[in-house]
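Have a look at it first, and then we can go through two spots together.

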Amino acid sequence: MKVLINFIKKEAVFTIALLFAVLSALLIPPDTEYINYIDFRTIVLLFSLMAVVAGFKSMGLMEAFAGAIINRVRSTRLLVAVLWGICFFSSMFITNDVALITFVPVAVTVLTLCNKKELIIYTVVLQTVAANMGSMLTPMGNPQNLYIYACFNVGTGEFFSITLPVILLSFLLLMLSTLFVKNEELSIN
């Protein structure tokens with residue numbers, strides 16, 4: 001029993017998700033239609049994107065990328081802008097979740113190496129906002145866009161005409177948020 005309690009404490013999100021899954025199965029009993037609820041095309045596309053990013057990580061490209069950032073950026077404000085900017089633009093092509101999974105660890109590594117740990121939380125918050133806002137631009141930016149684009153036959157021009165104004169405003173607000181970072185010269189440990 002103690003092992004079960006420790007597992008529940010350690011894996012709280014999984015446990016809650018499992019409880020809700022069981023509850024939903026009790027409310028709507030499983031039947032032969034359950035398999036049709038799954039959008040396998042979207043799942044395969046997301047898996048493919050995540051596999052490519054995992055391949056980049058295993059090749060050491062992410063660590064090299066962190067080193068390149070450190071070697072080129074010389075101020076804290078620009079560093080924070082670069083770190084959220086990477087999430088903003090990459091999320092348009094590799095989804096918001098994959099961008100965060102990939103680049104938040106890079107940001108933590110870079111900020112730690114630059115002795116700016118106090119900027120980690122603010123930077124990660126900006127990265128999260130940037131990834132979610134940037135991912136809205138393209139059909140492959142997030143799973144919802146893939147679903148809307150595929151199921152409702154929204155044309156590319158119409159899709160971009162809806163998302164582009166929101167993206168531009170989001171980018172401007174993120175730039176303004178960067179101004180709250182004290183602009184100091186970076187020192188690398």
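1. A word on terms before the helices: axes are lines fitted to C-alpha atoms, for helices over the stretch in contact, and angles between N-to-C directions run from 0 to 180 degrees. Please keep in mind that this is a predicted model.

2. Start with helix H3 (residues 40-58) and helix H4 (residues 61-72), whose axes come within 5 Å and cross at roughly 70°. Angles of 65 to 115 degrees count as roughly perpendicular, so H3 is roughly perpendicular to H4.

3. Which residues bring H3 and H4 together? From H3 come Val 53, Phe 56 and Lys 57, and they meet Leu 61, Met 62 and Glu 63 in H4. The residues of this contact divide into 4 nonpolar, no polar and 2 charged.

4. Now to the charged pairs: the structure holds 3 salt bridges. Lys 116 meets Glu 184 at 2.4 Å, N to O. This pair links distant parts of the chain, 68 residues apart: Lys 116 lies in the loop between helix H6 (96-113) and helix H7 (120-134), and Glu 184 in the segment after helix H9 (156-178).

5. Lys 116 also forms a salt bridge with Glu 118 (3.9 Å, N to O), while Glu 184 pairs with Lys 182, their closest N and O atoms being 3.6 Å apart. Together, Lys 116, Glu 118, Lys 182 and Glu 184 are linked in a network.

6. Is Lys 116 buried or exposed? Lys 116 counts as buried, at 10% relative accessibility. Glu 184 is partly exposed at 27%, whereas Glu 118 is exposed at 56% and Lys 182 is exposed at 61%.

Terms used: Residues numbered from 1 in each chain as written. Predicted model: local features only at pLDDT ≥ 70, side-chain atom pairs only at ≥ 80, totals over all residues. Heavy atoms only, no water. Helix = DSSP H or I, 4+ residues; strand = E, 2+ residues; numbered from the N terminus. Parallel < 35°, antiparallel > 145°, perpendicular 65-115°, else oblique. Contact = heavy atoms within 4.5 Å. Nonpolar A, V, L, I, M, F, W, Y, C, P; charged D, E, K, R; others polar. Salt bridge = Lys/Arg side-chain N within 4 Å of Asp/Glu carboxyl O. Buried < 20%, exposed > 50% of the residue type's maximum accessible area, 1.4 Å probe, protein only.
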